[in-house]
Amino acid sequence: MEKRWIALYVENEVGVLAKISGLFSGKSYNLLSLTVGTTEDETVSRMTISVESDDVTFEQIKKQLNRMVEVIKVIDLTDVNIHMKEILYIKIKQMSEAQKQEAFRIAQVFSAEVIDIGADSCIIASMLTEHRNNELIALCNDVFARIEVVRGGSVAIESISTSCR
Amino acid sequence: MDIAGKNLFVKALKNEGVDTIFAYPGGVITDLLDEIEKDGSIRIVLPRHEQALVHEAEGYARATGKVGVCLVTSGPGATNTVTAITDAFLDSIPIVCFTGQVSLPLIGNDAFQEVDTIGISRNITKWGITVRRREDMGHIIKEAFYVAKTGKPGPVIIDLPKDIQVSSGDSEYPSEVNIRGYKPNEGVHVGQLKKAWKTLKNAERPIILAGGGVNNARADEELTAFAEKTGVPVVTTVMGRGAIPTSHPLYFGNAGMHGAYACNLAIKECDVLFSIGTRFNDRITGDLNDFAPNAQIVHIDIDSASISRNVVVNVPVVSDAKVALEKLNEWAAKINTEDWIKEIKAWDSEYPLEMPNDVGLTPQAIMRGINEVFHESFITTDVGQHQMWAAQFIELDKKRHMITSGGLGTMGFGFPAAIGAKVGLPDTPVICVTGDGSFQMNLQEMATANTEDTPVVICLLNNEVLGMVRQMQNLFYGKRYVATDLKKADDAYVPDFMKLAEAYGAKGIRVTQREEIIPALKEAAENTDSCTLVEFMIDKDEVVLPMVKGGNSTSDMIL
């Protein structure tokens, strides 16, 4: 079992998201995250999907997606260079002054930002890889008493000349 | 000039060459039916239930090779089609089903007979869409027919809101289709196919496994030619039966759960399994670890997603069966299979496909009676023991064809499918082989057969039990017969099918003796004024053999 990524171009129509997610539930594929938004062509949406599967199932998932009438193109991102980011908000509550200082330090180290602040709380916004966001959440969980996490799922685009993932 | 949606609907049907529509009326499709009737060129077949309606369209499609077209109302009209639409999906039958829908502003209000038809059917259709703008109606219908019949065929649902049907718009019906996400495979990768041929050519113990894809592609002549040119023996799935005449010296029968001993053994022992148009369903393979364990597997299928899903194959070829076989026939040459065929024949004579105790009114004698009396015909079956006996013993060729529910195994399929086949081919005898369990799932269609003048012959094997499940209880559950008796022990007939036949204006013949089989079938064949229901009173302890227990290796057969 391995985590893999797919980019999917689909018709921007009512019901297509339900159809794609229904395939995953109907065939017992393990869907980890799915993001969707329109592209430069407003009749086309692009999805970034992550799944956990073995090789055989992953091949099957790609084929099943490909045969859907509403799916325009399936791109396997597993072995290509991509830029991938995930939006993450962490609201930290019941903070002391010292903890507020700590929140700024953590944000700085992670290249995240403190975007909002109150008497005893603040919000960190982060646009990092899913992996880095996981680390940021883990750290905040350790350091602060109460946090609230909202994350958006990853979006990815194929690299031009860099080899980062 | 602009026209109403309902007029474009009729124009579209005529453009697609639709001559018959299976329709059940209701609140939101009355406009459409009214327009069809005004036009007058399309036959409307009115069934008694929407599930049967779609089965009728399936039978029509399978018999004629055309798309089966359905029209049902919103709400229960649409939900009643679900089982039959799924049946068409699993057996790759081209169906376009129009469902009425409440007007767009009412959607989401829990309006009367409002249901999310496309949502319900999303996982059981090849494609489905609600027409939300009048200007999209023409191209959506065009695309629906194209998607239903090309590639791996299947059912498509077009949901038509009431207000779209009556709103005015462009009168053009497009002549071209261009769906950017749907480009069905029309050719064949010659390099892959050459590899497939090379693999077969070098085999010593090759076998061809033909599935329903060969029949769907109407490639029986090409398959027979290929087998004859190469001398490679052929076995089929239930859906593939008839892809080569069953009397052909190179044909050995069905493989799988109730397949012939020799066929399952041949798959076990072969060195090349040359499969065409099968998805290696579990009923064919049994335990995957012991399926063709020594073979190089060639897999030709129109659906790339069928390849290397259940069985890992050595040579995948994505192609329509007919296209691939036509090309293969250009290269085909004799392969030395004499010794191998002798071996298969020896297995076959060791355990031939014969009922062990063929005395009295046996299923085997009934099936052979059908072979004797009906030559050019379409034979539909329902689902259960009778289906397997039909698949084992009914002889098929260029003239005698079989239509059965293989993928979904839908009880209640056979009789409406027979009516649909008869609608499509009124001059061809159509026989429905059914059981008392299956028949009672759609027997209301006796009324449809009456009013639509579709005199089909119903061969009902009555054992007063749900035989296939009872057989499992007999063999694997210590003869504890739970919920499989269809009547109380001291009752005579429940129902009395003879009275039922009479009630629907059909002819009833009850057969209790072996000698009565042929005269009864001949009498049925001669009756073209109404349906003939021939009821065969068979023993409830008859079992379908051989049998492979679900999940076991197919070489591990109860004989």
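How many residues of domain 1 of chain B are in contact with residues of domain 2 of chain B? The legends below take up this question and several others, all for a predicted model.

**View 1. Domain 1 and domain 2 of chain B and their contact.** Here is the reply to the opening question: six residues of domain 1 of chain B are in contact with six residues of domain 2 of chain B. On the side of domain 1 of chain B that touches domain 2 of chain B, one residue is nonpolar, three are polar and two are charged.

**View 2. Helix 1 and helix 2 of chain B, packed together.** Let us stay in chain B for a helix pair. Helix 1 (residues 5–15) and helix 2 (residues 30–39) of chain B pack with axes 9 Å apart, at an angle of about 55 degrees. The two helices of chain B are therefore oblique to each other, and helix 1 of chain B passes helix 2 of chain B in a right-handed crossing. From helix 1 of chain B come Lys6(B), Asn7(B), Phe9(B) and Val10(B); they meet Asp31(B), Leu32(B), Glu35(B), Ile36(B) and Asp39(B) in helix 2 of chain B. Sorted by class, this helix contact has four nonpolar, one polar and four charged residues.

**View 3. An open sheet of six strands in chain B.** Follow the strands in the order 16-15-17-18-20-19 (chain B); the pairing is parallel. Strand 16 (400–403) and strand 19 (507–511) of chain B stand at the edges with a single partner strand each, so one side of each has no neighbour in the sheet. On average, neighbouring strands of this sheet are turned by 20 degrees against each other, direction ignored. Look for Lys507(B), which stands opposite Thr532(B) in strand 20 of chain B.

**View 4. Helix 16 and helix 17 of chain B on the sheet.** Helix 16 (residues 363–373) of chain B packs on the sheet and touches strand 17 (430–435), strand 18 (457–462) and strand 20 of chain B. The direction of helix 16 of chain B makes about 170 degrees with that of strand 18 of chain B. Helix 17 (residues 385–393) of chain B also packs on the sheet, touching strand 15 (377–381), strand 16, strand 17 and strand 18 of chain B. With the direction of strand 17 of chain B, that of helix 17 of chain B makes about 135 degrees.

**View 5. Domain 1 and domain 2 of chain A.** Chain A is divided into domain 1 (2–76) and domain 2 (82–158), whose centres over C-alpha atoms are 29 Å apart. Seven residues of domain 1 of chain A are in contact with five residues of domain 2 of chain A. Strand 1 (2–11), strand 2 (30–38) and strand 3 (44–53) of chain A each supply at least two residues of the domain 1 side, and strand 2 of chain A gives the most, with three residues. This side of domain 1 of chain A has three nonpolar, four polar and no charged residues.

**View 6. Chain A in contact with chain B.** Finally, the two chains together. In this contact, 14 residues of chain A meet 14 residues of chain B. Helix 1 (16–26), helix 2 (55–66) and strand 4 (71–76) of chain A each give two or more residues to the chain A side. Helix 1 of chain A has the largest share, four residues. The chain A side divides into four nonpolar, five polar and five charged residues.

Notes: Residues are numbered from 1 along each chain as its sequence is written. Chains are lettered from A and ligands numbered from 1 in the order in which they are written. This is a predicted model: local features need pLDDT of at least 70, side-chain atom pairs count only at pLDDT 80 or more; totals for chains, interfaces and linings use all residues. Two residues are in contact if their C-beta atoms, placed from the backbone, lie within 7 Å. Ala, Val, Leu, Ile, Met, Phe, Trp, Tyr, Cys and Pro count as nonpolar, Asp, Glu, Lys and Arg as charged, and the others, Gly among them, as polar. Two strands pair if DSSP finds at least two bridges between them. Axes are lines fitted to C-alpha atoms, for helices over the stretch in contact, and angles run from 0 to 180 degrees between N-to-C directions. Domain bounds come from an automatic or database domain assignment. Angles under 35 degrees count as roughly parallel, over 145 as roughly antiparallel, 65 to 115 as roughly perpendicular and the rest as oblique. A crossing is left-handed if the near helix is turned anticlockwise from the far one by less than a right angle, and right-handed if clockwise.
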